[in-house]
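Welcome! Please take a moment to look over the sequence and the 3D view before reading on.

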Amino acid sequence: MKYIISSLLLFAGITSFAQSTKTINQSGNPIFPGWYADPEAAVFNNKYWIYPTYSAKYKEQVFLDAFSSDDLTNWKKHEHILDTSAIKWANKAMWAPAIVEKDKKYYLFFGANDIQSDNEVGGIGVAVSDKPEGPFKDHLGKPLVDKFYNGAQPIDQFVFKDKDGQYYLIYGGWRHCNIAKLNKDFTGFDPFDDGTIFKEITPDKYVEGPYMFIRNGKYYFMWSEGGWTGPDYSVAYAVGDTPFGPFKRIDKILKQDPTMATGAGHHSVIINQKKDKYYIVYHRRPLGDTNGNHRETCIEEMNFDAQGNILPVKITKEGVKAQKVK
Ligand code: FUB
């Protein structure tokens, strides 16, 4: 009897957590429970997907989970889609996934080991699977980028597909951002016309977490500023005519709100081009919580003014309305 009562109480507790964070037609924020950061959003096979960093001590960051949803409100967890047991050279700090689908395969780019110099093993790796939920296996058996070029720590990768179908790796921590031309099978890079592989495109105040998309023919480049363990983490952007810029910083569009949450940053964007609808997916820290790893994945609408400037994002408890992919 005691067991039944405590099970009922536990169930009621779980249900009330779910109800406190979302209603039927609204995502609520955070959009799923748990400490998850650096969310990479994607749409595959008529479903939304989110690939976040598991936010914990570096030594515990030895896997990645993913989440899928039909409507942005109900999320299904896919556990351990990638694990360091499948990546022989990675042993900690598996961070900030970036995913693309190409030729019916899913390529998951990730950072691992948080290398501090060229003498350490680690950097940016690529894993591959036939399905968005994995399991992913090592594509190269070694990192894709394992050294510092132009001062950029090899972390925080984003894969950008240009209008002509060319894929670029845009990445970098330690206040430097590089762009490099991925080769056809994602096993390495093709040099630019001048023979270089890594071109620096760092804008003013850039720290990490780059992201790029095209809207009305313009290249929007976004990144995170401030320190990720503190309250001032934030997102800013620039607009250019090519993926190489030049990128002149315009403004911050996402930051803490002392009535809602702190440390809002490291984002990605869900784009519905037909409806010209944009959602920013990002992480933030609960108010009053100063543990650096206590980061939760959240979502808001991202809007533009008539001139194409991104409007400041309001961070909310409610999140966004239910929305099917099509
Ligand atoms: O989650 C680990 C690190 O935190 C990321 O790589 C940084 O961008 C920051 O969000």
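This report walks through the ligand site, one of its residues, some aromatic pairs and a residue in a loop.

Please keep in mind that this is a predicted model, in which local features need pLDDT of at least 70, side-chain atom pairs count only at pLDDT 80 or more, and totals for chains, interfaces and linings use all residues. Residues are numbered from 1 along each chain as its sequence is written, and side-chain values use heavy atoms, with hydrogens and water left out.

**Around the ligand**

Let us begin with the ligand. Its surroundings are made up of D38, T53, W95, D156, E208, W228, Y233, H266, H283 and R295, where a residue is near if one of its heavy atoms lies within 4 Å of the molecule. Sorted by class, this shell holds three nonpolar, three polar and four charged residues. In this sorting, Ala, Val, Leu, Ile, Met, Phe, Trp, Tyr, Cys and Pro count as nonpolar, Asp, Glu, Lys and Arg as charged, and the others, Gly among them, as polar.

| Side chain | Distance to a ligand oxygen |
|---|---|
| Y233 | 3.3 Å |
| H266 | 2.7 Å |
| R295 | 2.9 Å |

Taken alone, the ligand exposes 280 Å², and the protein buries 99% of that. Such areas come from the Shrake-Rupley method with a 1.4 Å probe; for residues, only the protein chains shown count as cover.

**A closer look at E208**

One member of the shell, E208, sits in strand β14 (residues 208-215). Helices (H or I, at least four residues) and strands (E, at least two) are DSSP runs, numbered from the N terminus. Is E208 buried or exposed? E208 counts as buried because its relative accessible area is 10%, and buried means under 20%, exposed over 50%, and partly exposed in between (1.4 Å probe, protein chains only).

Leaving aside residues up to four places away in sequence, E208 touches I155, D156, G172, G173, W223, S224, W228 and Y233, with contact meaning heavy atoms within 4.5 Å. With G173, 35 residues apart along the chain, the C-alpha separation is 4.7 Å. The side chains of E208 and Y233 also make a polar contact at 2.5 Å.

**Aromatic pairs**

Rings of Phe, Tyr and Trp (its six-membered ring) pair if their centres lie within 6.5 Å; planes under 30 degrees apart count as stacked, over 60 as edge-to-face and the rest as tilted. This rule gives 30 aromatic pairs. One of them, W49 with Y51, is stacked, at 6.0 Å centre to centre and 15° between the planes. W49 is buried at 4% relative accessible area, and Y51 is buried at 1%.

F192 and F244 make an edge-to-face pair, with centres 5.6 Å apart and 90° between the planes. F192 lies in the loop between β12 (189-190) and β13 (199-200), and F244 in the loop between β16 (234-240) and β17 (249-254), so the pair ties together parts that are 52 residues apart in sequence. F192 is buried at 9%, whereas F244 is partly exposed at 32%.

**A buried loop residue**

Finally, N29 belongs to the loop between α1 (2-21) and β1 (36-44). N29 is buried, at 6% relative accessibility. The N29 side chain reaches the backbone nitrogen of I299 at 2.9 Å and the backbone oxygen of T316 at 3.0 Å.

Technical notes. Polar contact = N/O pair within 3.5 Å; in protein donor to acceptor, adjacent residues only side chain to side chain.
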